[in-house]
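Here are my notes on the model you sent. Please read them with the structure open.

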Amino acid sequence: MAIVEVKVPQLSESVSEGTLISWKKKPGEAVAVDEILIEIETDKVVLEVPAPSAGVMAQIIKNDGESVASEEVIARIDTDGKAQASPLQVQPVVAAAPAAAPAAAATASKGDVAMPAAAKILAEKGLQATDVAGSGKDGRVTKGDALAAGAKPAAVAGPVAAPVAAAKPLPAVAAPVAQSLGDRPEQRVPMSRLRARVAERLIQSQSTNAILTTFNEVNMAPLMEMRKKFQEKFEKEHGVKLGFMSFFVKAAVAALKKFPVLNASVDGNDIVYHGYFDIGIAVGSPRGLVVPIIRNADQLSFADIEKKIAEFGQKAKEGKISIDDLTGGTFSISNGGTFGSMLSTPIINPPQSAILGVHATKDRAVVENGQVVVRPINYLAMSYDHRIIDGREAVLGLVTMKEALEDPARLLFDI
């Protein structure tokens, strides 16, 4: 027998551990080389763990929901083995034994089948995993099962006639919970590692930065006209649509060049001025907010930026954004306008010192040369760390962005 160990991939220095999401193979099942065995959720990304070699899954050491560290062994593969029926497939045959045998077998097999979150809820209710019928994978007790289970009746604590007699009332235990909830149900779901990390960083930003926000409005008509004029040719030439975000990135870079403190960060009592422009683009994903980085944005063309944004959007949708994609960044842009936001005050992404909030472009009444006219207006909001950025630099930086967007030819000539 040749055994190959399945290990957790090497995590980055900033990621100490991850959580196993769901095994795709059971012991005894055939495994192909590079076949994805399980996903590991960290506080930044979700990593896929491929099979290091072909064979048969011999042993699963760490179960779904457990925490694991870098390079930890989580399973073993027998490269010489042949696929066979798993123990779980044989259990229905054993169940044909006398009544006392299945009760004992159930107790033995259910000793540790509650998911971590479910185990905590069961403990609070005074229940064991064996008291609840699991609806999860391989009969595991899920959070939903634990929440649906009622508190252990007082009568159960005393002597009972026999295990079989005690087991009969169990299906009815959840009834009081359903009645007491009525039409006001609740569901308790633990945060994912990504969501918990986002929450931690936002609190850190609020507590360590002196956040102030400045606003301005942009007449998007010139930009919209230019985009409409070149959209078809641009897409035909570069294979990607010309969006507004590339203009916002270029406008931001223009402002950061003019006011370098907007591109700086705080390190203790020092101000670190970055000589490069790595722009983070906030992207929503099924697992939460992520901010992948467009590196050296000042050296990229409009087409290059649009391609990177499209790539990040697809990766986020598929849950394949890597840790490298999220590392670094000197300034961020959050586009709430995608979801229809009119105005917001974005929170700085540490250790950066400023962030631009972009919103929905709407026709609004504005005054030009003493006349009320209708123009497509976008409200911009820039939050900044007032510890190192004064109001002058922040306001003028946002004005620089406004002027570049209202006269996009400036971006082509770097003026």
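In which hand, left or right, does H10 pass H13 where they cross? The points below take this up, along with a few other sites in what is a predicted model.

1. **Overall make-up.** The protein has 14 helices and 19 strands. Of its 415 residues, 37% count as buried. Take the contacts between residues at least 6 apart in sequence: 64% of these join residues at least 24 apart.

2. **The H10–H13 crossing.** The crossing of H10 past H13 is right-handed. The contact draws on Phe247, Phe248, Ala251, Ala252, Ala254, Ala255 and Lys258 from H10. H13 contributes Gly397, Thr400, Met401, Ala404 and Leu405.

3. **Geometry of that packing.** H13 covers residues 391–406. Its axis lies 8 Å from that of H10, and the two helices pack at an angle of about 135°. An angle over 145 degrees would count as roughly antiparallel, and 65 to 115 as roughly perpendicular. H10 and H13 are therefore oblique to each other.

4. **The aromatic pair.** The structure holds 1 aromatic pair. Phe247 and Phe302 form it, with 4.9 Å from centre to centre and 50° between the planes, a tilted arrangement. The pair links distant parts of the chain: Phe247 belongs to H10 (residues 245–258) and Phe302 to helix H11 (residues 302–318), 55 residues apart. Phe247 and Phe302 are both buried.

5. **Charges over rings.** Which residue lies over the face of Phe302? Lys250 does, at 5.8 Å from the ring centre.

6. **What surrounds Pro350.** Setting aside neighbours within four places in sequence, Pro350 is in contact with Arg201, Gln204 and Ser205. Ser265 is 85 residues from Pro350 along the chain, and their C-alpha atoms are separated by 8.4 Å.

Terms used: Residues numbered from 1 in each chain as written. Predicted model: local features only at pLDDT ≥ 70, side-chain atom pairs only at ≥ 80, totals over all residues. Heavy atoms only, no water. Phe/Tyr/Trp six-rings, centres within 6.5 Å; stacked < 30°, edge-to-face > 60°. Helix = DSSP H or I, 4+ residues; strand = E, 2+ residues; numbered from the N terminus. Buried < 20%, exposed > 50% of the residue type's maximum accessible area, 1.4 Å probe, protein only. Lys NZ or Arg CZ within 6 Å of the ring centre and 35° of its normal. Contact = heavy atoms within 4.5 Å. Axes fitted to C-alpha atoms, helices over the stretch in contact; angles between N-to-C directions. Parallel < 35°, antiparallel > 145°, perpendicular 65-115°, else oblique. Left-handed = near helix turned anticlockwise from the far one by under 90°.
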